[in-house]
Amino acid sequence: MGNAALRDIAVIEEIPFDDIEGVVAVDAHNWLYRYLTTTVKWTNSGKYTTSDGTEVANLIGIVQGLPKFFENDIVPVMVFDGGPSELKDDEIESRREQRRTYEEQLETAREEGDQVAIAQLESRTQRLTPTIQETSRELLRLLDVPIVEAPAEGEAQAAHMVKRGDADYVGSEDYDALLFGSPLTLRQLTSKGDPELMDLEATLAHHELTLEQLIDAAILIGTDFNEGVSGIGPKTAIKAITEHGDLWSVLEARGAHVEYGDRVRQLFRDPNVTDDYEFDTSLDPDLEAAKEYVCEEWAVDADEVARGFERIEEGVTQTGLDRWT
Amino acid sequence: MFKAIVSAATLTSALDSVSVLVDECKIHLEEDGLEIRAVDPANVGMVDLSLDAAAFESYEADGGLIGVDLSRLEDIAGMAESGQLVQLELDEETRKLHIQIDGLEYTLALIDPDSIRQEPDIPDLDLPAEVILEGKDVNRSVKAADMVSDHIALGVKEADEYFYVDAEGDTDDVHLELTQEDLIDLQVGPAHSLFSLDYLKDMNKAIPSDTEVTLHLGEEFPVKIYFGFAEGQGQVTYMLAPRIQSD
């Protein structure tokens with residue numbers, strides 16, 4: 001989910017796809033989730049449900065989502081989440097609770113035959129099941145899209161890879177990427193039109209803050225890992241941090257408390273990431289095998305993925321003239 | 001030594017056809033005319049230009065080399081009306097170019113040629129198909145393709161003897177066929193290559209619509225685009241590397 005209030009703080013601007021080149025370390029769960037929800041919303045579930053009732057809308061989502069990278073000469077590296085951070089348990093629990101509510105509503109909608117509500121609720125109740133996790137990786141492997149397994153947060157790992165210079169951008173909708181220190185983050189890679197570029201250095205310069213202070217401000221507002229201090233929004237948070245210097249001084253001055261504040265802070269400052277990854281950025285997708293996997297093995301309606309596969313096939317690379325000299 | 005007088009229109013045409021690819025370039029001041037060769041930083045598009053001494057009102061040079069900032073020089077040339085003459089003179093000692101347009105005198109600081117990207121080797125291409133068409137048809141093809149896609153396929157259908165342009169977008173497609181009759185000339189050969197419209201659009205800007213353009217094409221090979229300007233006394237050859245299936 002991330003913290004949408006960070007949008008008011010972050011320096012973000014639209015960037016034409018043409019201006020983006022290189023490697024994007026994509027927060028895979030975040031990316032997949034977007035395509036999963038749109039696929040489920042717009043596609044009849046019969047097209048991606050096997051005879052035993054397993055839903056693999058993710059396969060359609062991947063085939064529709066990847067061409068955008070290829071067509072713009074961008075190499076995506078899919079960074080998958082490892083285990084959730086202990087601290088995120090609350091968030092996960094509340095999401096689960098919400099999903100249960102949606103599932104109940106979905107039942108009711110089905111009973112009442114309300115098609116619009118069914119479609120909406122189906123997209124909200126999507127989760128990354130073990131089948132989705134597994135088939136997504138397999139399809140990406142067949143398409144030769146690099147995969148990196150993060151020890152914990154995919155976003156933190158992606159940010160780490162950009163910091164090390166192994167990738168040029170983090171691809172995530174999540175504003176938290178900023179807090180994990182992602183120098184450049186591309187948002188809206190899954191939307192139509194041009195993406196947004198979120199710039200850490202410019203953000204810090206704009207507010208005259210250090211990254212540590214930005215993290216503290218975010219903790220005051222509230223993150224995926226903690227409830228914020230009530231009454232503190234983005235503006236107040238920045239002002240308070242500028243005035244008092246850091247989280248503890250602000251809390252002291254206000255007589256407020258943030259549960260696990262130090263651990264949340266640590267989680268952003270020093271997230272669990274690994275240097276143990278490698279990937280090859282020259283891609284050689286095996287389209288035949290991928291098509292067979294999606295349409296035969298998982299019995300996805302071929303019409304749903306035809307255009308996507310066609311676009312991947314055409315999503316070819318630009319050569320240099322030196323090849324002919 | 002370099003001293004020349006040239007019409008603003010000719011100078012502008014020459015500069016424009018180079019500046020679509022690079023910001024700075026080296027200009028060879030040969031005895032028989034100017035020569036420029038440059039490639040864009042990504043090594044995808046190349047220009048090879050010559051402007052014969054005959055294209056100038058007067059021309060004297062002895063084989064020097066200068067480096068220029070193209071947009072500065074274009075701005076200066078833009079100060080003249082198209083019929084006006086531009087007088088150029090190199091000051092060897094100060095390494096500055098004196099430019100005179102009527103009463104207007106401009107002294108342009110030159111760039112050290114060594115600091116400019118090395119000039120490219122010209123690829124050795126044996127391209128089987130040749131298409132000669134009017135600039136306006138190139139114009140139309142690029143414009144139509146640009147409405148639907150970022151790339152454009154250029155090819156020749158050997159059996160039916162026509163040149164075609166294809167562009168496929170997310171939802172819409174563009175297809176254009178030009179037969180022998182629509183073209184000035186066509187020599188068929190196996191040809192089909194995909195190109196980035198970003199580059200082709202820029203190159204197209206420099207192609208006059210009333211000029212004759214020659215395309216040399218192959219199968220997944222660079223395209224060579226040749227046209228003349230300044231009544232044929234200036235020649236431009238573009239080369240553009242194709243996009244191909246990743247391997």
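These legends walk through several close-up views of a predicted model.

Residues are numbered from 1 along each chain as its sequence is written, and chains are lettered from A and ligands numbered from 1 in the order in which they are written. In this predicted model, local features need pLDDT of at least 70, side-chain atom pairs count only at pLDDT 80 or more, and totals for chains, interfaces and linings use all residues, while side-chain values use heavy atoms, leaving out hydrogens and water.

**View 1. An open sheet of 9 strands in chain B.** Follow the order E6-E2-E3-E4-E18-E17-E16-E10-E14, with antiparallel pairing. Strands here are DSSP runs (E, at least two residues) and helices are runs of H or I with at least four, numbered from the N terminus; two strands pair if DSSP finds at least two bridges between them. Strand E6 (64–69) and strand E14 (185–187) of chain B are the edges, each pairing on one side only. On average, neighbouring strands of this sheet are turned by 15 degrees against each other, direction ignored. Within the sheet, E4 (residues 45–52) and E18 (residues 234–240) of chain B share 7 bridges, and Asp48(B) stands opposite Thr237(B).

**View 2. Helices H2 and H3 of chain B lying across strands.** Helix H2 (residues 70–77) lies across E2 (24–30) and E6 of chain B, at about 85 degrees to E6(B). Helix H3 (residues 135–148) lies across E10 (129–134) and E16 (212–217) of chain B, at about 100 degrees to E10(B). Such angles run from 0 to 180 degrees between N-to-C directions of axes, which are lines fitted to C-alpha atoms, for helices over the stretch in contact (heavy atoms within 4.5 Å).

**View 3. Strand E7 of chain B and its alternating side chains.** In a regular strand the side chains alternate between the two faces of the sheet. Along E7 (residues 85–91), Val86(B), Leu88(B) and Leu90(B) point to one face and are buried (under 20% relative accessible area; exposed is over 50%, partly exposed in between, with a 1.4 Å probe and protein chains only). Strand E1 (residues 2–7) of chain B runs antiparallel to E7(B), joined by 5 bridges, with Val6(B) partnering Val86(B).

**View 4. The hairpin of E7(B) and E8(B).** These strands pair in the antiparallel sense over 5 bridges, including the one between Asp91(B) and Lys96(B). Among the residues of this hairpin, Arg95(B) takes a positive phi near 50 degrees.
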